[in-house]
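Please keep the sequence and the coordinates at hand while reading.

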Amino acid sequence: MHDGGGPPGAPGRDGSPSPVSHGGLMGRIFLTRVVEPGDEAGGRWVREFGVDEVVRRLRQRGEPLPGVSRKRWAGLLARAERADPRRDLAVARDAGVRFVCPGDAEWPRQLDDLGDARPLGLWVRGTADLRLWALRSVALVGARACTEYGAFMAATLAAGLAEKGWIVVSGGAYGIDGAAHRGVLGAGGATVAVLACGVDRPYPRGHAGLIGRIAEQGLVVGELPPGEHPTPSRFVLRNRVIAALTRGTVVVEAAHRSGSLVTARAARRLGRHTIGVPGPATSGLSAGVHELLRQDAVLVTDADEIVELVGDMGELAPERRGPVLPRDLLDPAVRQVLAALPARRAARPDDIARTAQTTPDDAIAKLYELRALGYVERHGDGWKLTRQAMISVRGDTDVR
């Protein structure tokens, strides 16, 4: 698809000209005011006819584009009458916001996986390069009305990812989203908030300060032009951008009808990693996550395990094991004799040897070695575990 020729477009982050033509840039800004995010019909029109032709038909009240009813076409024309891309661009510039189009050097090309549902462009607030950040990013989403456990896990996972050099992407909402963003900021890391409204009008209002901090330390991104407010459908459609932008989506807490499950399902359709953090089996706020885990999502409990999934080859989580106990340092043959002693009574050397599958002489030699280490004591013709050994040896094997 070609946007057409013309003079250079609006300046980029560093003041350099945009590679997208001026007509193409203004046309796309115009369409963000007319066409709703994720509208596949609108995306198909742009792909088949080009931005200039779609804009021309809307501005000149031309023939309806294919696949649209006259009622809907009338609604689009009414929106087109009020659209003023030059004003939107000026308002955005005053707010420190730029518009990034497909074809720009900063455009994250993984968004192209959305096909005709690809954003027409993204309004970006913040100084970092969105394309470079998106290459090493993870989505962290979940319930708005989260539990203390969920908020703790979100903040801990986000901080751990930030410390490992990963970008955490979320939606700026209350609950898990906010905890994830705060976890990153607290760790001095980088985070991206993808909003379902204009990036100059932070939503929810209670997160205005948080979103301002994200814009200073990270990026705030959205499809809608300046001043636009969120709607339920815009929240749902925003989630496809979060899923497409990142290498994988981690769901921390989600009920069966949670919007964060929409993000996870979009990630699955796009071939991204779908990841879940388990919660209590009795918690309705974890029921949606558990359903994902029963399907094809991968269970994780810390940032290392997330990086092992989404990272490059060789970025492995450390091996999980309990603490090293004194008995772990014993020779295997000596441990075998130790394990052959009964828990609460003395045993004869020949019985110990039989259980340990060795000779009585070998068993006696190893019993004397164990006595010197404080594990066993001799009782007449038999041998018995010391009290210390009963605690250290039996405790780690959960003998009752």
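## Terms and basis

A polar contact is a pair of N or O atoms within 3.5 Å, where, within protein, one atom must be able to donate a hydrogen and the other to accept it, and where residues adjacent in sequence count only if both atoms belong to side chains. The model is a predicted one, in which local features need pLDDT of at least 70 and side-chain atom pairs count only at pLDDT 80 or more, while totals for chains, interfaces and linings use all residues. Residues are numbered from 1 along each chain as its sequence is written, and side-chain values use heavy atoms, with hydrogens and water left out.

## Asn239 in helix H10

Asn239 belongs to helix H10, which covers residues 232-245; helices (H or I, at least four residues) and strands (E, at least two) are DSSP runs numbered from the N terminus. With a relative accessibility of 7%, Asn239 is buried, a term that means under 20% relative accessible area, as against over 50% for exposed and the range in between for partly exposed (1.4 Å probe, protein chains only).

The side chain of Asn239 makes a polar contact of 3.0 Å with the side chain of Arg238. Once neighbours within four places in sequence are set aside, Asn239 is in contact with Gly259, Val262 and Thr263, contact meaning heavy atoms within 4.5 Å.

## Thr386 between E11 and H17

Thr386 sits in the loop that lies between strand E11 (382-385) and helix H17 (387-395), and Thr386 is buried, at a relative accessible area of 11%. A polar atom of the Thr386 side chain lies 2.9 Å from the backbone oxygen of Gly374.

Strand E5 (residues 191-195) is largely enclosed by the rest of the structure, because five of its five residues are buried. In a regular strand, side chains alternate between the two faces of the sheet. Both faces of E5 are covered, with Thr191, Ala193 and Leu195 buried on one side and Val192 and Val194 buried on the other.

E5 runs parallel to strand E4 (residues 167-170), to which three bridges join it, and strands pair if DSSP finds at least two bridges between them. Val169 has Val192 of E5 as its bridge partner. E5 is also joined by four bridges to strand E6 (residues 219-222), again in parallel, and Ala193 is bridged to Val220 in E6.
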